[in-house]
Amino acid sequence: MAMKACPRHISCVLILLLAGRGALAFLSAPCPLHPSSSSPLVAATHSHLRAPHSFIRGSQKHRAWGLTSPVRETRLTMGIGRLEGFDHEGVKFLRLCDPSSRPTCSDSSVATENASAHHTPSLALFRIGRVLLPGSSFPLQIFKHKTTTQEMLRKEAAENKGRIGVVFSDTDHKGSFATVGCEAVIESLTQLDDGRLIVECTGTRRFRVGEVCQQEPYLRAEVEYMEDLEQGGESCEVECWKMLQELVWLCVEVWDKRSWVSLLMSGGEGHPLHKFKHSAPSPSGDGKSLLVENGFATDQERRESFSWHMVRVIRNGIPGLWDHDMTGTTSSPSKVQQLLETTSCEERLRECLATMTSARDVLRLRQRLKDFVDEREVSEQTTEDGVDEE
């Protein structure tokens, strides 16, 4: 007995046959992304099942076979330290080409080992909106929500002799940092009850940023330390020292700082320039015998220390005595960064001398104006006294 076909069954069979032909065409079609593969499905499989490949993570090369995550592979095979440079206000900056895709290295010791294997020192980079100078104190207050920064400082204090690299970061270009920075040594870490971390650091020596060998959880880069070039000939350091002392006395007179007179006359520890004296030049030229006593091995080392003192003066002024806002000689962070980058001690001193000369000229004009006003007041008072006597 013949069975009568159900229309519903016939339609289902037709749908299955059509779907089969479509799937067969899909499998037999070449893939535009992988011409060598037979289909997108095979290509998709091949995109995850790859031949053995090498990628660098820290100081070791790893080989893998099998399924790999496309995101993970992109992160690991991307060149570590891909940066782009740009100039802003005469300062060279660096920034990450693709901040959204950064190679990671959770263990900073691996990056340090990689750098030491090539005899290249590396430092964790601390980006901040001010310039650290050699010999300057560098107090930091890290708030509770800056957990990554706090962990970095604790880790570097324990494993890297407390050395970190402080680089100037321009607020107008987020994520950027200068190519030249200053190494800082962590002297103390204090954890407060409210979660803040108080850090005391001191700037030591300059460096130039090389290849970034770690970007997560914080930046670490290979660095090349910088030194000033020794230059012969006459130096303007004596002129700088005399100009600074003249500025101090002008400030006392113009701003009527009578309480400072006794300190200036005594020349003791209360003197505003007491910290400068151990590196100041000797006008008589017999200061070389004091090099060892003041902790300097060579006269070049003393001169460099003196130049950084002068840079601090033109940036900060003299607390309680001379404020740059009063003389219109404020130095921008970009200008201070340029002085940090120069390898000529004489060039720094001449720039400081020019700034102090401008401040002296302003103070002299203020002094003349002050003398004129005082003379006029005396004259008016004398006239009033004469009228009263009549």
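Author: Let us start with a definition: buried means under 20% relative accessible area, exposed means over 50%, and partly exposed lies in between, with a 1.4 Å probe and protein chains only. The model here is predicted: local features need pLDDT of at least 70 and side-chain atom pairs count only at pLDDT 80 or more, while totals for chains, interfaces and linings use all residues. Residues are numbered from 1 along each chain as its sequence is written, and side-chain values use heavy atoms, leaving out hydrogens and water.

Reader: Thanks! Why is V261 called partly exposed?

Author: V261 has a relative accessible area of 34%. That value falls between 20% and 50%, so V261 is partly exposed. The residue lies in helix α7, residues 261-266; helices here are DSSP runs of H or I with at least four residues, strands are E runs of at least two, and both are numbered from the N terminus.

Reader: What makes W249, V261 and M265 a nonpolar patch?

Author: A patch takes residues with over 30% relative accessible area and no salt bridge, joining nonpolar side chains (Val, Leu, Ile, Met, Phe, Trp, Tyr) within 5 Å and like charges within 9 Å. V261, at 34%, passes the area cut-off. Together W249, V261 and M265 have about 310 Å² of accessible area, computed by the Shrake-Rupley method with a 1.4 Å probe, where for residues only the protein chains shown count as cover.

Reader: And how much of the whole protein is buried?

Author: Buried residues make up 38% of the 390 residues. The protein has 12 helices and 11 strands and exposes about 23,000 Å², with carbon and sulfur atoms supplying 54% of that area.

Reader: What makes α9 largely enclosed by the rest of the structure?

Author: Of its 18 residues, 13 are buried, so the rest of the structure largely encloses α9. Q300, found in α9, is one example of a buried residue, because its 14% relative accessibility is under 20%. Beyond its neighbours within four places in sequence, Q300 is in contact (heavy atoms within 4.5 Å) with D228, L229 and E230.

Reader: Why is the pair E237 and R303 called a salt bridge?

Author: The term requires a side-chain nitrogen of Lys or Arg within 4 Å of a carboxyl oxygen of Asp or Glu. In E237 and R303 the closest N and O atoms are 3.8 Å apart, so the pair qualifies. The pair links distant parts of the chain, with E237 in helix α6 (residues 237-254) and R303 in helix α9, 66 residues apart. E237 counts as buried at 7% relative accessibility, and R303 does too at 15%.

Reader: Which other residue meets R303 in a salt bridge?

Author: D299 does, at 3.6 Å from N to O. R303 and D299 both lie in α9, 4 residues apart, about one turn of the helix. An α-helix has 3.6 residues a turn, so residues three or four places apart point the same way. D299 counts as partly exposed, because its 24% relative accessibility lies between 20% and 50%. A network of salt bridges links E237, D299, R302 and R303, and the structure holds 18 salt bridges.

Reader: How do you know that β10 and β11 pair?

Author: Two strands pair if DSSP finds at least two bridges between them. Strands β10 (residues 197-214) and β11 share 5 antiparallel bridges, so they pass that cut-off. A hairpin of 5 residues joins β10 to β11. Strand β5 (residues 122-128) also pairs with β11 in the antiparallel sense, over 3 bridges, and S122 has E222 as its bridge partner in β11.

Reader: Is V223 buried or exposed?

Author: V223 is buried, because its 4% relative accessibility is under 20%. This residue is found in β11, residues 220-225, where V209 stands opposite V223. Beyond its neighbours within four places in sequence, the contacts of V223 include T120, P121, L123 and F207.
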